[in-house]
Amino acid sequence: MKNRKLIFSIITIVMMLWASNVNAQTTVINTSKLAADVKGYNGAVPLEIHLKDGKVQKVVALKNSETPSFFQKAAKLLTAWNGKTVKEASTMKVDAVTGATYSSNAIIYNVRRGLNSVQKGKTTASKPSAKAS
């Protein structure tokens with residue numbers, strides 16, 4: 001009898017945790033239009049900013065025209081905002097990567113533009129892009 005109660009309790013807890021994760025929705029902010037004027041060395045550097053429970057989950061680079069070797073260096077910045085609240089992330093001081101300054105700055109300004117738009121309530125969520133890399 002004790003084992004059944006224990007097993008039932010464990011199953012109940014697992015189901016509650018699963019249900020809370022299912023109900024938590026991820027919001028995806030695409031900066032393609034929000035920051036179309038923000039350029040790297042070779043053009044726009046659009047991003048997707050994934051938010052969940054008011055925090056940045058990840059930042060994903062979308063297709064862009066940057067030189068791959070330079071962008072790969074700058075892409076190290078994409079994790080800088082992970083786990084931060086929208087407010088914290090939007091005011092962070094993030095340094096550009098040496099040797100990839102234009103691409104780095106484009107990433108930084110895209111994230112700021114996207115997060116500032118969220119704070120002002122001017123952004124609507126979108127589905128993640130199939131183009132995300």
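Reader: Is Ser104 buried or exposed in this predicted model?
Author: Ser104 lies in helix H5. Its relative accessibility is 0%. Buried means under 20% relative accessible area, so Ser104 counts as buried.

Reader: Which residues is Ser104 in contact with, leaving aside its neighbours within four places in sequence?
Author: One of these residues, Leu77, is 27 residues from Ser104 in sequence. In space, the C-alpha atoms of Ser104 and Leu77 are 7.3 Å apart. Once neighbours within four places are set aside, the contacts of Ser104 are Ala74, Leu77, Ala96 and Val97.

Reader: What is the order of the strands in the open sheet?
Author: Strand S1 (26-30) and strand S3 (55-61) stand at the edges, each with a single partner strand, so one side of each is left without a neighbour in the sheet. The pairing is antiparallel, and the twist averages 20° from one strand to the next. The three strands have the order S1-S2-S3.

Reader: Which residue in S2 is the bridge partner of Ile29?
Author: S1 and strand S2 (residues 47-52) run antiparallel and are joined by five bridges. For Ile29, the bridge partner in S2 is Ile49.

Reader: What angle does the direction of helix H5 make with that of S2?
Author: Helix H5 spans residues 101-119 and packs on the sheet. In doing so, H5 touches S1, S2 and S3. Its direction makes with that of S2 an angle of about 45°.

Reader: Which element gives the most residues to the largest nonpolar core?
Author: This core has 25 residues, of which Val56, Val59, Trp81, Ile107 and Leu115 touch the most other members. At least two residues each come from S2, S3, helix H3 (68-74), helix H4 (86-90) and H5. With five residues, the element that gives the most is H5.

Reader: Which residues does Leu115 contact, apart from its neighbours within four places in sequence?
Author: Leu115 is among the core members that touch the most others. Leaving sequence neighbours within four places aside, Leu115 is in contact with Ile49, Leu51, Val56, Val86, Ala89 and Ser90.

Reader: Where in the chain is confidence lowest?
Author: The mean pLDDT of the chain is 85, and 74% of its residues reach 70 or more. Confidence is highest in S3, at 97. Where pLDDT is low, the predicted coordinates should not be read in detail. The lowest confidence, at a mean of 58, is in helix H1 (residues 2-23).

Notes: Residues numbered from 1 in each chain as written. Predicted model: local features only at pLDDT ≥ 70, side-chain atom pairs only at ≥ 80, totals over all residues. Heavy atoms only, no water. Pairing = 2+ DSSP bridges. Helix = DSSP H or I, 4+ residues; strand = E, 2+ residues; numbered from the N terminus. Axes fitted to C-alpha atoms, helices over the stretch in contact; angles between N-to-C directions. Contact = heavy atoms within 4.5 Å. Core = buried A, V, L, I, M, F, W, Y, C linked by side-chain atoms within 4.5 Å. Buried < 20%, exposed > 50% of the residue type's maximum accessible area, 1.4 Å probe, protein only. pLDDT = per-residue confidence, 0-100.
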